[in-house]
Amino acid sequence: MVNAHTETNSGTGTGTGAAGAEGAAEIGVIGGSGFYSFLEDVTEVAVDTPYGKPSDSVFLGELAGRRVAFLPRHGRGHHLPPHRINYRANLWALRSVGVRQVLGPCAVGGLRPEFGPGTLLVPDQLVDRTKARVQTYYDGETRADGTVPNVVHLGFADPYCPDGRKAALAAARGRDWEPVDGGTLVVVEGPRFSTRAESRWHAAMGWSVVGMTGHPEAVLARELGLCYTTMTLVTDLDAGAEAGEGVSHEEVLQVFAANVDRLRSVLFDAVARLPKNESRNCTCAHALDGIDTGITLP
Ligand SMILES: [Zn+2]
């Protein structure tokens, strides 16, 4: 269990700053508690945001000399299904404790027979097939503090941070886990898995893996000027790519459990390999340059 003490922090972004935990972290990791629960000296910070509460507290710890904020995507005990996660609050909360680069590993289904269970794929493209998720901060709606965000259209041609991808790929190779470099992650609404027809369609489009959580994390990160990188662990072959009964949740959990240790090692090595926040010079870092968003970011 986490040996943590709790603090509170308000990531309001209204000029008061993120009292208490501002600058507490530089890198954010969105993923399960398996990634941080054994770290010593973890500080739990409850963060509130203008978009409501994130999935859980933010857990602050140190790794390879880097200050990292962990956020359990589905909450403690995995009580939030993908379509009910407050993605806006999650990314805002991370930024409010100082995070500028985010790693968001996730479990996916493989859409091609060669991407079987245990494959690590670092996508370079994303297709959004979600249906009912808020995917922008710049919606023109008045916020609780009375401020109104401007209309902002950001480039998203390359949804993932090039430097983050390099770090993830090098980290995997350093652990003798040859990753698939590039590919398309299609994100579906869930919580159900795909039908065979949907799965065959996704594969026929040339897409690589299918998941339920990579979107809108990536675009919200971009809207906050954060770097975002995902690394996907294939836990099963999707319905159209295999001959049997299709995906079961038990299979997914088994493969994930069998790989969580090495995924954690790769993730931590990737954290160590990320550039310093102050030396970021990627598209993501400059996404908001010269743009008046109408709101103050935390
Ligand atoms: Zn970047």
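In what order do the 7 strands of the open sheet stand? In this predicted model, the order is β9-β11-β12-β7-β14-β8-β10.

**View 1. The open sheet and its edges.** The sheet holds 7 strands, and their pairing is mixed. β9 (125-129) and β10 (180-181) stand at the edges. Each has a single partner strand, so one side of each is left without a neighbour in the sheet. Strands of a sheet pair through backbone hydrogen bonds, either parallel or antiparallel.

**View 2. Strand β14 beside β7.** β7 covers residues 106-110. β7 and β14 pair in the parallel sense, over 5 bridges. Gly109 stands opposite Asp236 of β14. β14 is mostly covered, with 6 of its 6 residues buried.

**View 3. Strand β14 beside β8.** Here the pairing is antiparallel. β8 (residues 120-122) joins β14 (residues 232-237) over 2 bridges. Leu121 has Thr232 in β14 as its bridge partner. In the sheet order, β14 stands between β7 and β8.

**View 4. Helix α1 packed on helix α4.** Two packed helices are described by the angle between their axes and the distance between the axes. α1 spans residues 87-96, and α4 spans residues 214-223. Their axes lie 9 Å apart, at an angle of about 45°. That angle makes α1 oblique to α4. The crossing of the two helices is right-handed.

**View 5. The contact of α1 with α4, residue by residue.** From α1 come Tyr87, Arg88 and Leu91. They meet Pro216, Glu217, Leu220 and Ala221 in α4. The residues of this contact divide into 5 nonpolar, no polar and 2 charged.

Conventions
Residues are numbered from 1 along each chain as its sequence is written. This is a predicted model: local features need pLDDT of at least 70, side-chain atom pairs count only at pLDDT 80 or more; totals for chains, interfaces and linings use all residues. Two strands pair if DSSP finds at least two bridges between them. Helices (H or I, at least four residues) and strands (E, at least two) are DSSP runs, numbered from the N terminus. Axes are lines fitted to C-alpha atoms, for helices over the stretch in contact, and angles run from 0 to 180 degrees between N-to-C directions. Angles under 35 degrees count as roughly parallel, over 145 as roughly antiparallel, 65 to 115 as roughly perpendicular and the rest as oblique. A crossing is left-handed if the near helix is turned anticlockwise from the far one by less than a right angle, and right-handed if clockwise. Two residues are in contact if their C-beta atoms, placed from the backbone, lie within 7 Å. Ala, Val, Leu, Ile, Met, Phe, Trp, Tyr, Cys and Pro count as nonpolar, Asp, Glu, Lys and Arg as charged, and the others, Gly among them, as polar. A residue is buried if 20 or more other C-beta atoms lie within 10 Å of its own, exposed if 12 or fewer, and partly exposed in between; C-beta atoms are placed from the backbone.
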